[in-house]
Amino acid sequence: MKALLIVDVQNDFLPGGALQVPEGDRIIPVINNIQKYFRLIVATRDWHPVNHGSFASNHAGKKPGEMIRLHGQSQILWPDHCVQGSPGAEISPLLNQALINNVIFKGSDPDIDSYSAFYDNGHLKETGLHAYLKRNGITTLYVTGLAADYCVYYTVKDAVLLGYETYLLTDATRGVNMQADDTQKAFEELRRIGAQLMTSDTLG
Ligand code: VGL
Ligand code: ZN
């Protein structure tokens with residue numbers, strides 16, 4: 001049984017948002033079009049408290065893009081984004097949400113970031129996604145969303161490690177590309193570990 005995963009299609013990751021992903025909005029019609037092929041759809045939301053350790057604003061003298069150690073983890077600092085309860089943390093109103101069966105919130109612990117939809121960045125705590133998918137008999141995952149080089153990358157990686165047959169829909173994701181080729185490198189690494197890359201027009 002297969003499921004569609006929609007990672008972090010939230011206002012702050014879209015053009016005009018606090019941590020905008022170039023062309024992030026372009027994936028929304030693609031995702032809306034393929035929802036009809038799935039009986040189970042799960043969305044994730046990045047969901048940070050204002051004092052989250054990934055925000056540059058919470059570290060005196062630091063700017064977005066700089067690296068720090070956060071409780072033993074290497075951490076890139078970001079602009080404040082997806083603050084719990086803020087408009088930027090809302091799923092885009094352009095995404096069809098009527099068919100979404102479950103929403104997984106991640107990144108709520110101020111002490112550790114959580115890029116993957118399955119675990120925090122230390123692989124210490126589960127989000128509950130794996131248990132939910134197992135309970136629903138899901139063995140195959142189609143992954144879409146933002147950002148290709150962060151949350152989507154780590155989600156696909158964990159999905160493969162957890163044993164899911166994992167497809168990354170390359171036309172239904174975009175990357176931040178702090179370095180110009182970050183998304184390309186992420187795709188290559190995911191293919192190398194066993195994820196299958198495809199475009200959404202081959203679904204159906
Ligand atoms: C993300 C950076 C910080 C993502 C979340 O959704 O890819 N990236 N928080
Ligand atoms: Zn975040």
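**Core packing, ligand site and salt bridges**

Beyond its neighbours within four places in sequence, Leu133 contacts Ala3, Leu40, Val42, Phe118, Ile138, Leu141 and Tyr164. The model is predicted. Leu133 and Leu141 touch the most other members of the largest nonpolar core, which holds 62 residues. Elements that each supply at least two residues of this core include strand E1 (2–7), helix H1 (27–34), strand E2 (41–46) and helix H2 (129–135). Strand E6 (140–146), helix H3 (151–161), strand E7 (165–174) and helix H4 (182–193) do likewise. H3 gives the largest share of the core, six residues.

Ligand 1 is surrounded by Asp8, Phe13, Leu19, Asp46, Trp78, His81, Tyr115, Leu146, Ala147, Tyr150 and Cys151. A side-chain N or O atom of Asp46 lies 3.1 Å from a nitrogen atom of the ligand. An oxygen atom of ligand 1 is 2.9 Å from a polar backbone atom of Ala147. A backbone N or O atom of Cys151 is 3.0 Å from an oxygen atom of ligand 1. Taken alone, ligand 1 exposes 260 Å², and the protein buries 100% of that.

The structure holds eight salt bridges. One of them pairs Asp8 with Lys106, with the closest N and O atoms 2.8 Å apart. Asp8 sits in the loop between E1 and H1 and Lys106 in strand E5 (residues 102–106), so the pair ties together parts 98 residues apart in sequence. Both Asp8 and Lys106 are buried. Lys106 also forms a salt bridge with Asp46, at 3.1 Å between the closest N and O atoms. This pair links strand E5 to strand E2, 60 residues apart. Asp46 is buried as well. Shared partners join Asp8, Asp46 and Lys106 into one salt-bridge network.

Methods. Residues are numbered from 1 along each chain as its sequence is written. Chains are lettered from A and ligands numbered from 1 in the order in which they are written. This is a predicted model: local features need pLDDT of at least 70, side-chain atom pairs count only at pLDDT 80 or more; totals for chains, interfaces and linings use all residues. Side-chain values use heavy atoms; hydrogens and water are left out. A nonpolar core is a set of buried Ala, Val, Leu, Ile, Met, Phe, Trp, Tyr and Cys residues joined through side-chain atoms within 4.5 Å. Buried means under 20% relative accessible area, exposed over 50%, partly exposed in between (1.4 Å probe, protein chains only). Helices (H or I, at least four residues) and strands (E, at least two) are DSSP runs, numbered from the N terminus. Contact means heavy atoms within 4.5 Å. A residue is near a molecule or strand if one of its heavy atoms lies within 4 Å of it. A polar contact is a pair of N or O atoms within 3.5 Å; within protein, one must be able to donate a hydrogen and the other to accept it, and residues adjacent in sequence count only if both atoms are side-chain atoms. Accessible areas come from the Shrake-Rupley method with a 1.4 Å probe; for residues, only the protein chains shown count as cover. A salt bridge is a side-chain nitrogen of Lys or Arg within 4 Å of a carboxyl oxygen of Asp or Glu.
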